[in-house]
Amino acid sequence: MKWSWKLGTFAGIDVYMHATFLILIGFVALSYWSAGQSLTAVVGGVGFILALFGCVVLHEYGHALTARKYGIKTRDITLLPIGGLARLERMPDEPRQELWVALAGPAVNVVIAAVLFVWLQLTSGMAPLSELSVAGGSFLERLMVVNLFLVGFNMIP
């Protein structure tokens, strides 16, 4: 994809960041600076977005590695401001395989959210469920909630 920079190769799949991703990072940094007027706020906001997109990369690897199980290679994974894109060489021939490839990404987010939930429960660091949101709570609580949103968003046909 044009205007993309290679971040690395993992499991034999190149991972790229599209130039427009920097617009998102800049927007988040500016928003947190405007709200908090502190470098700490900016680092926290940008750190959260980077953690979120780390989860997006893992989500895309869920699709890619499941496709690999069926003999389908992934050309690359690209991070965009709206999410990630795993470019498979082709779609599976069998509907059942296509379903597994489609569900693998959201399944990764379920696992991430479950691990975060267990960690927060074990460390007594979790607010009551009724108080959780994307905008409020600790870093890990918000990351858990966002992963659940990713699951819901990806289940929309």
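Visitor: What is the volume of the second largest pocket?
Guide: The second largest pocket holds about 320 Å³, a volume being the space filled by probe spheres set on the grid points, which are joined across faces, edges and corners. This is a predicted model, in which local features need pLDDT of at least 70 and side-chain atom pairs count only at pLDDT 80 or more, while totals for chains, interfaces and linings use all residues. Numbering starts from 1 along each chain as its sequence is written, and side-chain values use heavy atoms, without hydrogens and water.

Visitor: What makes a residue part of a pocket's lining?
Guide: A lining residue has an atom within 4 Å of a point of the pocket, an open set on a 1 Å grid over the protein atoms alone, with protein on both sides within 12 Å along at least five of seven lines. For the second largest pocket, 14 residues qualify, with E60, H63, A86, A102 and N154 nearest its centre.

Visitor: How many residues line the largest pocket?
Guide: The largest pocket, of about 400 Å³, has 20 lining residues, and L52, V56, I82, V146 and L150 lie nearest its centre.

Definitions and conventions. 1 Å grid on protein atoms, 1.4 Å probe; cavity = no way out; pocket = protein on both sides within 12 Å on 5 of 7 lines; lining within 4 Å.
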